[in-house]
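Dear colleague,

I am passing on the structure we spoke about, and my notes follow it. Please read them with the model open beside you.

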Amino acid sequence: MAKWAGGLTAEEFVQKWSKAQLSERAASQEHFIDLCHLLEQPTPAEADSTGEDYCFEKHVKVVGSASKGSKGDYGFVDVWKRGYFAWEYKGKGKHKTLDEAYRQVYQYRDALDNLCPGIVADHKYGNEGPPTGSFGSSH
């Protein structure tokens, strides 16, 4: 498979991330940037220098607490692109399944215009679809 300029082949991507031992916080943005390069898509900063429509760590008001043990009415979605997706990472070392990530991104839906889909991922083991369902767009 050909290598995209500045990116990884699919095999290199899998090799890199299958052996990564990093925490969610340490790995999520680099994982997403590598995924963008692999798919020949712009990264958030390349596509939107203001972060108003596509960014990491989008500050949002949530329904309930953003994650177990959190305080307050606000949270951060790991990656967000207006009208396309909200992406939430969770590490399997901390969580047995990605249900917590799905619950968290589901709580962001109102602040993100009820977008579809909500995507949950683990940087080490790959992506899973919604564990219990999905939420749709109201428009």
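For the directions of helices, angles under 35 degrees count as roughly parallel, over 145 as roughly antiparallel, 65 to 115 as roughly perpendicular and the rest as oblique; the axes are lines fitted to C-alpha atoms, for helices over the stretch in contact, and angles run from 0 to 180 degrees between N-to-C directions. Helices (H or I, at least four residues) and strands (E, at least two) are DSSP runs, numbered from the N terminus.

With those terms, the axes of helix α1 (residues 10-18) and helix α2 (residues 24-38) cross at roughly 170 degrees and come within 10 Å, and therefore α1 and α2 are roughly antiparallel to each other. Contact (heavy atoms within 4.5 Å) is made here by Ala10, Phe13, Lys16 and Trp17 of α1 with Ala27, Glu30, His31, Asp34, Leu35 and Leu38 of α2. These residues divide into six nonpolar, one polar and three charged, where Ala, Val, Leu, Ile, Met, Phe, Trp, Tyr, Cys and Pro count as nonpolar, Asp, Glu, Lys and Arg as charged, and the others, Gly among them, as polar.

Please bear in mind that this is a predicted model, in which local features need pLDDT of at least 70 and side-chain atom pairs count only at pLDDT 80 or more, while totals for chains, interfaces and linings use all residues. Residues are numbered from 1 along each chain as its sequence is written, and side-chain values use heavy atoms, with hydrogens and water left out.

The protein chain has four helices and five strands, which follow the pattern α-α-α-β-β-β-α-β-β along the sequence.

Turning to the strands, two of them pair if DSSP finds at least two bridges between them. Strand β1 (residues 54-61) pairs with strand β2 (residues 74-81) in the antiparallel sense over seven bridges, and valine 60 has glycine 75 of β2 as its bridge partner. β2 also pairs in the antiparallel sense with strand β3 (residues 85-89), over three bridges, with valine 79 opposite tryptophan 87 of β3. Three residues lie between β2 and β3 in their hairpin, and glycine 83 in the turn has a positive phi of about 75 degrees.

Is aspartate 78, then, buried or exposed? Aspartate 78, which lies in β2, has a relative accessible area of 6% and is buried (buried means under 20% relative accessible area, exposed over 50%, partly exposed in between, with a 1.4 Å probe and protein chains only). Beyond its neighbours within four places in sequence, aspartate 78 is in contact with Glu24, Cys55, Phe56, Glu57, Trp87, Glu88 and Tyr89.
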